[in-house]
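The sequence and the structure are shown here for reference.

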Amino acid sequence: MRRGRPPRLRRVGFIPQVTYFKPAGIPLRILDEVHLSVEEAEAVRLKDLEGLEQEQCAEKMNISRPTFQRVLGSARQKVADALLHGKAIRIEGGNFQPALQRFRCFEGHEWEASFEEMVAGPPPVCPECRSVNAIPVHPPGFGFGRGGWGRHRGGRWQRLIWFFLYQS
Ligand SMILES: [Zn+2]
C-alpha cells in the first residue's frame, strides 16, 4: 500500500467541551451515532454560528475554499441526518490543530503561541525564564491516547510534540 502525504492540518479556533449529543427517549443499545470531526464542528461554527463568508472561514481554518465547502457540506449533512433520524452526535478527532496552543516550561510558567508561530517558528521559548524546555498544555478532555486530539501522526504537529517531550 502506498502511503500518501499526511493531510494538511486544519486550524481550529474552538474545541467544544460538550462532545456528545443524544436524543431523549432512545435506549443506547439501539441508538445510531454520527461522528463529527472537530474541524467539521468548526466549519459549522464559523459559517452558521458566526455567519462568516466561506472565504473568511477557509482562511481562518488555513484551508482552500473548495476544501472548506466540502468539510462544511459533510458536517451539515451529518447534523441533519442526526436531527431528522434521531441519531446521537459525537464530536471527536480529525486533522486539526488549535489556533492557539498553551505551553508550560519546567519552571511552571505558561504562555500561548499562535498556529503560525508553531508551524513556522523555532521551538517556543519561555517569555519569563527563556527556557526552551516546554511542553504543550492540552485543553481539558483532550489528553494523549484518548483519540480526542486528532490524527496527527506523521504531521508537523506530532513531530513538534515529540520534540518538546523528548529533547534533553
Ligand atoms: Zn519559564
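The sections below describe the helix contacts and then the strand pairings.

## Basis of the report

The structure is a predicted model.

## Helices α1 and α2

Two packed helices are described by the angle between their axes and the distance between the axes. Helix α1 spans residues 38–49 and helix α2 spans residues 54–61; their axes lie 10 Å apart, at an angle of about 140°. Angles over 145 degrees would count as roughly antiparallel, and α1 and α2 are therefore classed as oblique to each other. The crossing of α1 past α2 is right-handed.

On the α1 side, the contact is made by E39, E42, A43, L46 and K47, which meet Q54, C57, K60 and M61 of α2. By class, these residues comprise four nonpolar, one polar and four charged.

## Helices α2 and α3

Helix α2 also packs with helix α3, which covers residues 65–85; the two axes come within 9 Å and cross at roughly 95°. Angles of 65 to 115 degrees count as roughly perpendicular, and this description therefore applies to α2 and α3.

In this contact, Q54, E55, C57, A58 and M61 of α2 meet R65, F68 and Q69 of α3. The residues involved divide into four nonpolar, two polar and two charged. Q54, C57 and M61 belong to the contact of α2 with α1 and also to the contact of α2 with α3.

## Strand β4 and its partners

Strand β4, residues 88–91, pairs with strand β2, residues 20–21, in the antiparallel sense through two bridges. Within this pairing, Y20 has R90 of β4 as its bridge partner.

Strand β4 also pairs with strand β3, residues 33–36; here the sense is parallel, and there are four bridges. The bridge partner of E33 in β4 is A88.

## The sheet of β7, β6 and β8

A separate heading is given to the open sheet of three strands, whose order is β7-β6-β8 and whose pairing is antiparallel. Strands β7 (110–114) and β8 (134–137) are the edge strands, each pairing on one side only. From one strand to the next, the twist averages 40°.

Strand β6, residues 100–105, is joined to β8 by four bridges, and the two strands run antiparallel. In this pairing, R104 stands opposite I135 of β8.

Notes: Residues numbered from 1 in each chain as written. Predicted model: local features only at pLDDT ≥ 70, side-chain atom pairs only at ≥ 80, totals over all residues. Axes fitted to C-alpha atoms, helices over the stretch in contact; angles between N-to-C directions. Parallel < 35°, antiparallel > 145°, perpendicular 65-115°, else oblique. Left-handed = near helix turned anticlockwise from the far one by under 90°. Contact = placed C-beta atoms within 7 Å. Nonpolar A, V, L, I, M, F, W, Y, C, P; charged D, E, K, R; others polar. Pairing = 2+ DSSP bridges.
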